[in-house]
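Let's take a friendly walk through this structure together. Keep the viewer open as you read.

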Amino acid sequence: MTSAKSVTRSAPSSVQATTIVSSLLTVQTSGRGFTDLTSEAAKFINEAHAGDGALTLFVRHTSASLTIQENADPSVLVDLTTALSRLAPENVPWTHDTEGPDDMPAHVKTMLTQTSLHVPVLNGKLALGTWQAIYLVEHRERPHRREIVLQFIGATS
């Protein structure tokens, strides 16, 4: 068994979670792809006067999803779109095709990804890593109006 030689941890901190702040974010997508929501989430946290706590994001749809991914190299998002298309292609005989050939694959892609995210908030800032961003992933080919519920739970300043 190998022991970890470079592991450190800060001292635990505690806050009284007395505040819940909610907002509805509406995003008009331009079709299949990723929309960066990080600045909108940070703006919400600022307007909520957040201290320490947690931000939950929840997309109110079954053919779009949320993810935290790399924000430095756009080719990552291109490759992720390609991977999802390979996992749930449009050119197979899906039973559910009422809204077109991209509808059922979009539902599968949402099932494989996430409809909600939880991001820690420390000292009023999203505790994302250097290369992380919060994205709405549109799985449908045509543009859609998507709603994301933002909710901060924690202490306010």
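Predicted model: local features only at pLDDT ≥ 70, side-chain atom pairs only at ≥ 80, totals over all residues.

Start with Arg140 and Glu99, which form a salt bridge whose closest N and O atoms are 3.4 Å apart. This pair links distant parts of the chain, 41 residues apart: Glu99 sits in the loop between H2 and H3, and Arg140 in the loop between strand S7 (132-138) and strand S8 (145-156).

Arg140 also forms a salt bridge with Asp103, with 3.3 Å between the closest N and O atoms. Here the loop between S7 and S8 is linked to helix H3, where Asp103 is found, across 37 residues.

The structure holds eight salt bridges. One of them joins Glu90 to Arg32, the closest N and O atoms being 2.4 Å apart. Glu90 lies in the loop between H2 and helix H3 (103-112) and Arg32 in the loop between strand S1 (19-28) and strand S2 (33-36), so the pair ties together parts that are 58 residues apart in sequence. Glu90 is partly exposed at 31% relative accessibility, and Arg32 is partly exposed at 27%.

Finally, look at the surface, where Leu87, Met111 and Leu112 form a nonpolar patch with about 360 Å² of accessible area together. Leu87 belongs to helix H2 (residues 75-87) and is exposed, with a relative accessible area of 59%.

Terms used
Residues numbered from 1 in each chain as written. Heavy atoms only, no water. Patch = residues over 30% accessible without salt bridge, like charges linked within 9 Å, V, L, I, M, F, W, Y side chains within 5 Å. Areas by Shrake-Rupley, 256 points an atom, 1.4 Å probe, with all protein chains shown as cover. Salt bridge = Lys/Arg side-chain N within 4 Å of Asp/Glu carboxyl O. Helix = DSSP H or I, 4+ residues; strand = E, 2+ residues; numbered from the N terminus. Buried < 20%, exposed > 50% of the residue type's maximum accessible area, 1.4 Å probe, protein only.
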